[in-house]
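Open the model in your viewer and keep the sequence panel beside it. The stops below say what to select next and what is there.

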Amino acid sequence: MSLQNEMEELSDNAFASEQDVPESICFGRREFLKGAAGVAGFGLLSMGGLAGLAGCSSPQAETKTGNVSYTPGTYKAQAEGKHGPIELAVSFSENRIDSIEVVSHSETEDISYIPLNVLPQVIINTQSIDIDTVSGATLSSQAVIAGVTDAIKQAGANPNQLKAFDPQSIVQSMTPGTYTGEAYGKWKKGSIEGERFGCPATIEPTQVKVTVDETSIVSIEVSSCSDTPGFFEPATERIPQNVIEQQSLLIDTVTGSTLTAAALTAATAKALEEAGADLAGFAKATNHEPKEESYKADLCIVGGGTAGTTAALKAIEEGLRVVIIEKTARISGEGSCATGALAVGSKLDEQVGNHVTVEEVFSNMMDYCYWKSDASLVYNILDHSGEMVDWLQAHWDECGHKGFSAPKETSGTSIAHDYGKGTEKFQLLWDNYIIPGGATLLLNTKAEELIVESDTVQGVSATKQDGTAIRVSSPTVLICTGGFGGNKSMQNEILGSSDFYLNGVATNTGDGIEMCRTAGAVLSTEVSPHLAEFCSNDVLDFYAGYMKFLNQTGFLMVDSAGARYMNETFCITHALARGASAMRRVGSSYIIFTQNDFDKLLNSGVHDVLGESIIAEYKMRERILVPSYYTLQDEMDAALNHNQAWKADTLEELGELAGFDASTYTRTIVDYQEVIASGEDTLFGKRPELLHPLDQGPFYAVRVISPIDGTYNGIKVNDHLQAIGEENKPAPAGLFVAGQDSGGYFSYPYTDYVGATCGYALTSGMMSIEYIKEYLSK
């Protein structure tokens, strides 16, 4: 399994979950917030989120809406949010919107706190739906506004007749002082994952101290944040400053730090409520003045992640004028969360006596994929990989960073060079070499289109987050935006399904791939999801706790009809090539086990479920082998409450609750019980020790889906990393592609060489400059 598959921190959405919350909450605005302050550090968000809020008008909001009249009553409406429908109940008197209750939703609590809680208050206080959406939660905001609009129509009124919203007209009357607000950001309460990425062992909510005078926000201090180092800093630096400057909670989010940004604005909103603020006055739209900027360069790099970093460093050293466009607020991308890179023939290999050759690794990789990969590209990457490690190590040595460690093994597929998680190693390259070397880095800037004339690249057009139009004139462009793991529509188009849980970077939305396709480049034949080893869920955050290890137990797994579909041991022994691939095929899987099994997991993790001999034989990873899965009960309770798990006294009742096809499920259970009784799995060959009994209830079924770190393979390239068009020729000229946007190095299923993805990104980024210089010299 690959080190790249350990990247479980990455996504702004990867760990965002729907917590165990009431189906419907309807409090007055003041009463709710005062009550929440005494319950959980000011805000039910820290208790698992808020399902709904009925806003009650403040004295200031008693002004009637003029000619608008309603048929009194409560009207139900729903609109599609980011993760499903948001259901509202909106109550009207004859001439007012009296309350807005969010009855149910599946949105991420942290990102959606402002749209689900503050926007209803603003609508009620102002009697207007002319409200800006929340940056970073646009779909949730639009759903709330659309739902209220529908309810207004049901009540017999014309939404267009409601008055325009003017936040400047609201005069604040806050009690001067300093107030504290809290909200969980990247990591939720009780999460066990953050410590692996440099976070505190015990995750605490992000906390802000907000100082106000009677009419305005004076200062915001971020007093604590347990989010991932290297990721949260752009948000903690920008959000407080922007809120103060604009006196608004509806400021632009920080792309790449969305959850931290959402936690900061949610916590600030809670503190302002405690100060007696009317939040409608802090719901001002961000004003973006139209501006234009232009740059000239020899090379424009789109994407400042893993491949973009090595490309920028090499380009500067080769004397090229470089502009790097990065749509998030930080550099390094997914590479900062991988722990190592596949490389062959480095000086570190030599030091530990590793005599594995490029030819040996090349032969093994090509045989593994039945020569579906581009042999020339694979060999060229491997042949440059040792040089890549030595080159980067020399830079880190100069900076006093440990850099790479020697391979732990000198044979087989575990020959990766570890360099640890975190952004520091990349930041050192930018701070000490790339930026001082003259490169121009444009953060918070989204590349949108390749400028192509006469089938030749001429540059890139882009837009900054503040609306500034960017034009980079350049005869060469390198695309490395990290694939399309964050784009479900592209997943459906290219992969045929979007039934995945993204454990990677949500901002990797295929921007570069789409730009290349529009310009005439074509996709490779092996574009695939980058599957991870464990199991997950698209409603709840299994990755934050121990539920993700359920497929590491050998328990019975069935598809949505209730049919068994594989030897469940493969999820342990061949996690990617067989286990994850089988899970991908069926989409939703259901893991079935008993109360006795569940109790064993709670008390001793997988130790009593599998036994020490099997654990040793399968060389299971240390992170799975903890003494107990102590958060599993809370995780199961949440899954049961959200219909992602079911519990029953009999297997028959369990199948009914889970919605399996009765005949298919019955046949599966009968057959599996016979297999257990005989001790021989004649159909799939599971070893007898893993045929867990199903003879005594209660019984559980847990719905899981395949997690992905993103996608691999994209635009077809040749061995010089030039984008290829329909006639198998470079098209357009001057366009190069590296990292996960480029296709040909991998095939499906993923290689069993550790660190292959990160190694490819680092090496292809560096290597591309050799061929870009060659192109420029012609």
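**Stop 1**

Select S454, which sits in the loop between β13 (445-453) and β14. This is a predicted model. Check the backbone here: phi of S454 is near 55°, a positive value in a residue other than glycine. Most residues other than glycine have a negative phi, and most peptide bonds are trans.

**Stop 1: a salt bridge**

Move on to K464 and show its side chain together with that of E293. The two side chains form a salt bridge, at 3.2 Å from N to O. K464 belongs to strand β14 (residues 456-464) and E293 to strand β7 (residues 292-296), so the pair ties together parts that are 171 residues apart in sequence. How many salt bridges does the count come to? It comes to 18, with a side-chain nitrogen of Lys or Arg within 4 Å of a carboxyl oxygen of Asp or Glu as the rule. Side chains of opposite charge can pair when their charged atoms come close.

**Stop 2: the parallel sheet**

Now select β12, β9, β8, β16 and β25. They form an open sheet of five strands, in the order β12-β9-β8-β16-β25, and the pairing is parallel. Which strands stand at the edges? They are β12 (440-442) and β25 (735-737), each with a single partner strand, so one side of each is left without a neighbour in the sheet. From one strand to the next, the twist averages 20°.

Zoom in on β9 (residues 322-325) and β12. These strands run parallel and are joined by three bridges.

**Stop 3: the antiparallel sheet**

Next, select β4, β5 and β6. Here is an open sheet of three strands, ordered β4-β5-β6, with antiparallel pairing. Its edge strands are β4 (177-183) and β6 (217-224), and each pairs on one side only. The twist averages 25° from one strand to the next.

Look between β4 and β5 (residues 206-212). Seven bridges pair them in the antiparallel sense. Select E182 and find its bridge partner in β5, Q207.

Bring in helix α5 (residues 258-274). It lies across β4, β5 and β6 and runs at about 140° to β4.

**Stop 4: two helices crossing**

Two packed helices are described by the angle between their axes and the distance between the axes. Select α11 (residues 488-495) and α12 (residues 511-518). Their axes come within 11 Å and cross at roughly 55°.

Show the side chains at the contact. From α11 come M490, E493 and I494; from α12 come I513, E514 and R517. By class, this contact has three nonpolar, no polar and three charged residues.

**Stop 5: two cis peptide bonds**

Select G697 and P698. The peptide bond between them is cis, with omega near 0°. P698 is in the loop between α20 (662-678) and β22 (699-704).

Finish at Y748 and P749. A cis peptide bond joins them, and omega is about 0°. P749 lies in the loop between β26 (742-743) and α21 (756-776).

Note on methods. Residues are numbered from 1 along each chain as its sequence is written. This is a predicted model: local features need pLDDT of at least 70, side-chain atom pairs count only at pLDDT 80 or more; totals for chains, interfaces and linings use all residues. Side-chain values use heavy atoms; hydrogens and water are left out. Axes are lines fitted to C-alpha atoms, for helices over the stretch in contact, and angles run from 0 to 180 degrees between N-to-C directions. Helices (H or I, at least four residues) and strands (E, at least two) are DSSP runs, numbered from the N terminus. Contact means heavy atoms within 4.5 Å. Ala, Val, Leu, Ile, Met, Phe, Trp, Tyr, Cys and Pro count as nonpolar, Asp, Glu, Lys and Arg as charged, and the others, Gly among them, as polar. Two strands pair if DSSP finds at least two bridges between them.
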